[in-house]
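Subject: the model, plus some notes

Hi,

Have a look at it before you read on.

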Amino acid sequence: MLEIRDLHVNYGAISALHGISLRVPQGQIVTLIGANGAGKSTTLRAVSGLVKPRSGLINLEGEEIAGMAPHTIVGRGLAQSPEGRMVFANLTVMENLRMGAYLRKDKANFAKDLDYVFCIFPRLKEREWQAAGTLSGGEQQMLAIGRALMSKPKLLMLDEPSLGIAPLLVKTIFEKIVEINKELGLTILLVEQNANLALEVSHYGYVLETGKIILENTSAELRVNEKVRAAYLGG
Amino acid sequence: MDWFLQQLINGLALGAIYALIALGYTMVYGVLRFINFAHADVLMLGAFAAYYLAPSVAKVFGPSTVPTALTVMVLSAVICAVIGMLIEFLAYRPLRHRPRLTVLITAIGVSLFIEYTGQHEKVFGAATKAFPTLLPQKEIIVGALRCSSNDLVVVGFTAVLLAAMWYIVQRTKVGMAMRAVSFNEQAASLMGVNVNAIISFTFAIGSALAAIGGIFFAMRAPGIEPLMGVQPGLRAFIAAVLGGIGNLPGAALGGVVLGLIETFFGGMPGLSDYRDAIAFALLILILLFRPAGLLGKMQTEKV
Ligand SMILES: Nc1ncnc2c1ncn2[C@@H]1O[C@H](COP(=O)(O)OP(=O)(O)OP(=O)(O)O)[C@@H](O)[C@H]1O
Ligand SMILES: [Mg+2]
């Protein structure tokens, strides 16, 4: 589905990613874990076109997308729920979901997908006409994920869906992520600080350290890996 | 009482013009967070477009008839929409991710460029030109009250345009995209919004409204000249700030408030020389108590 090869990204003179490669196979949940500043968000931003890579290949379903504008890449079937959620605070919940479906032409399926989003996040249905800025942090996260789903993507990228959310709600959100993957067969690239949870729900994982992939394996293997346990799972 | 009504109609007409122009300032501020000082000159270009178009259009529909006026206004609005998009594309887009101050100074540069190019004798020339009578002007007299039919047309037409603008921004897909871009450009692009196209569209709409405002202003003014945009432009800018910059109904309200203040104080014997001083003092007062403007919201975003 997605293949990144030897990706380099710079912010001015600072090199944030120096040559990472990863693959996200069809139908799987792949996670990218690492400490603060490792370059996880930068990787997602490069894929979605928000930052231009200095070099490297980004291949989405056989098409080279590195360097394309973000709105073009969305049209190719990619959706990203960005770090910090970035829901449109000045728009209602419903308008945010409509924004998610901005490029879609099929009116009939819009209603169907809306129902699906409301089905997994009933809270959003209750808050349909409320300004998104007045939602709680957890509700905003649900909205960010729901909004990303509304574009009916082939690949969904989630950047720290657990950020700033109470543990109980985090659990619910992760259950929903698994549900989405299973029911829709949606391919997901998940970036998380919470390595424990991320490795629990994902099939395969990559460990990123200061702009380089230092480890990759099935999530089950990574969870018992000494190094990963010491560095990311709290021993 | 008659005096009051008289000033009310005058003030509303003037305020409507400020409101039309203020919308452009506030919409551009909404998406790009800077004041497009060249907006004042776009309204001047709108008036000049009408000045040059009117004779030819009058040959088709007859001088000072409704179809003539409408055609001239629509054509001028289209011309200004294109000019607005060009200004954005050539002057502002290359500076999109530079500090705001850089863009602001560029805007002042564009403004001076248009004004002084316009004054060149091979362009418009600096002399004041008589603006053609676009509409049959009638004096409407009710009791002791006299008002010009043009003022009523200005107020009515503006009300329709404001309603249309509200509809576009609140009820259409492109309007929703404008609001999304205004909140967060990157997030909007992640939804598939072509941010550059939305910004162009914003400039086009704002400039078209400025053209109409400029024509209305010219209809009430003794004549037109290349610096004619400066004064109403400044007033409209103040109106936008007064109403809450970035807020559309606020810009409309600010324009009307400013127009009313100006005509009421301008109409009072002994006070007319101070009308600007009074208008600005009021502005300062309002902003002291409501820094975000009359309808502006204080930022309360969750991060
Ligand atoms: N806009 C920017 N300008 C300059 N440097 C940046 C910018 N964005 C990120 N960086 C730098 O790039 C590196 C990687 O940042 P990135 O946001 O990808 O980290 P991350 O792994 O997502 O961290 P976190 O878990 O804290 O979100 C960091 O050192 C950061 O300081
Ligand atoms: Mg991050």
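Predicted model: local features only at pLDDT ≥ 70, side-chain atom pairs only at ≥ 80, totals over all residues.

Residues are numbered from 1 along each chain as its sequence is written, chains are lettered from A and ligands numbered from 1 in the order in which they are written, and side-chain values use heavy atoms, with hydrogens and water left out.

Ligand 1 has 13 residues around it, the closest being Lys40(A), Ser41(A), Thr42(A), Glu83(A) and Gln193(A) (a residue is near if one of its heavy atoms lies within 4 Å). By type, the shell splits into four nonpolar, six polar and three charged residues (Ala, Val, Leu, Ile, Met, Phe, Trp, Tyr, Cys and Pro count as nonpolar, Asp, Glu, Lys and Arg as charged, the others, Gly among them, as polar). Its largest share, three residues, belongs to α1(A) (helices are DSSP runs of H or I, at least four residues, and strands are runs of E, at least two, numbered from the N terminus).

Oxygen atoms of ligand 1 sit 2.9 Å from a polar backbone atom of Gly39(A), 2.7 Å from a side-chain N or O of Lys40(A) and 2.6 Å from a polar side-chain atom of Glu83(A). On its own, ligand 1 exposes 640 Å², and the protein buries 62% of that (Shrake-Rupley, 1.4 Å probe).

Ser41(A) counts as buried at 14% relative accessibility, while Glu83(A), at 36%, is partly exposed (buried is under 20%, exposed over 50%, partly exposed in between; 1.4 Å probe, protein chains only). Eight of the nine residues of α1(A) (40-48) are buried, so the helix is largely enclosed by the rest of the structure. After α1(A) comes Gly49(A), with a positive phi near 90 degrees.

On chain B, an unreviewed UniProt entry lists several spans as "transmembrane region", including 190-217 and 237-265; such annotations may be inferred rather than shown by experiment. The end C-alpha atoms lie 41 Å apart for residues 190-217 of chain B, a span that is 86% helix and 0% strand. For residues 237-265 of chain B they lie 20 Å apart, again with 86% helix and 0% strand.

Cheers

Conventions. Polar contact = N/O pair within 3.5 Å; in protein donor to acceptor, adjacent residues only side chain to side chain.
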